[in-house]
Amino acid sequence: MPDDRDTQERDGDIPPAETGNPSGLAWPIAKFVMGFVGGGLLAALNVAEFRSHELARQAMCLVNVKGIVTAVAAYANESHEERMPPDLDSLVREEFLESESFVCPASGTVPVSDVPGNPPLAGHCDYVYAGPLSWTAPQGLPMVFELPLNHGQRMANVGCTDGSSRACRDSGEFVASVQRTNDFIRAEREGGR
Amino acid sequence: MSAERGIRRWIGFWTGVLVGVVCIYTIYLVRSNDRRQAYAFRAMRAVDASQIQAVARAVFQYEGANGQRPVKLVDLVSAGMLDEAMLYGRGHNGVTGQPDVLYVSAMRKDDPPDMVVLCTLLLPRKDAQFLVVYNDGSFAELKSVDLVTALNRTYAHVGNDILHAGQAGPGT
């Protein structure tokens, strides 16, 4: 039968002065440190997983925006007198894009493909298409954009007339760039008056 | 008895786990407040309902006086029809910049009534809705998917009007 004092010493319950062992607290401290490191690693993994999911959703959303911009250019190049599509529905109707491409993965919007009856995109689309625009539009003018709310108002993905797409992380810059598109459209319409 | 001793033996370990988890989450939460890559909802500066309605009244007043709508919203201020503060949400730093309201300046009086003339693109609170003024002067609060639909309808109308006027395309 083990000595009770030995058991207590092993458990770290007896202070070093009493046992004569200067490292009597070492084992409890080691256990605390092991627990701290283990718990910290678990929490860090959890946080990293959460962040990576959101970053993945942002990236997939940017791919959607890029896809729409590319599809608009493809639509114009393929027998439409180099004119941009009149609306986003045209891209689905003429099979340039699947309807899932018009839903931001972070928004929770249900894509048209999941709705019976094959309705139009309205109500199942997270992207605003500020077109059709003229090809004379300045480079870098937003043509496709989403509402920043999709990503907690931290950022918004924007597709531009030069075929580029980018993540806009400054809300002031985002609103200003969309307003620039509106100003261009006004100038275009005034020209046709 | 042995179970109780086992708990006593490992209580330091589990305390360490708890402290470790709490520490990492605390560090993450404190840091995420400063980072742009954090994922909680971020409240943004936006005009309120009374402000956007005041801007709309000024736009229509300007149109009545000048025969067309202003090119930019700041034109309303220089025309003396609108207080500049109406263009900016609470918390504006006083430096004149982009108004906190989006203006579809291409819209005309004879366009359909359900076209968007003014709207907000950012929310001041998570439970807020987007504010919209339509071409007939009516005001509405919309969810994001409805605002997207309304804006798409508006841009499609104006864009196709320009196309049909023969103003678009490289060949024109």
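Two strands count as paired if DSSP finds at least two bridges between them; helices (H or I, at least four residues) and strands (E, at least two) are DSSP runs, numbered from the N terminus.

**View 1. The S3–S4 pairing in chain A.** Strand S3 (residues 156-160) of chain A pairs with S4(A) in the antiparallel sense, over four bridges. Look for Ala156(A), which sits opposite Cys168(A) in S4(A). This is a predicted model: local features need pLDDT of at least 70, side-chain atom pairs count only at pLDDT 80 or more, and totals for chains, interfaces and linings use all residues. Residues are numbered from 1 along each chain as its sequence is written, chains are lettered from A and ligands numbered from 1 in the order in which they are written, and side-chain values use heavy atoms, with hydrogens and water left out.

**View 2. The whole sheet of chain A.** Four strands make an open sheet in the order S1-S2-S3-S4, with antiparallel pairing. S1 and strand S4 (165-168) are the edge strands, each pairing on one side only.

**View 3. Where chain A meets chain B.** The contact (heavy atoms within 4.5 Å) takes 66 residues from chain A and 69 residues from chain B. On the chain A side, H3(A) gives the largest share, 17 residues.

**View 4. A salt bridge across the interface.** Here Arg189(A) bridges to Asp161(B), with the closest N and O atoms 2.9 Å apart. A salt bridge means a side-chain nitrogen of Lys or Arg within 4 Å of a carboxyl oxygen of Asp or Glu. Between chain A and chain B the count is three salt bridges.
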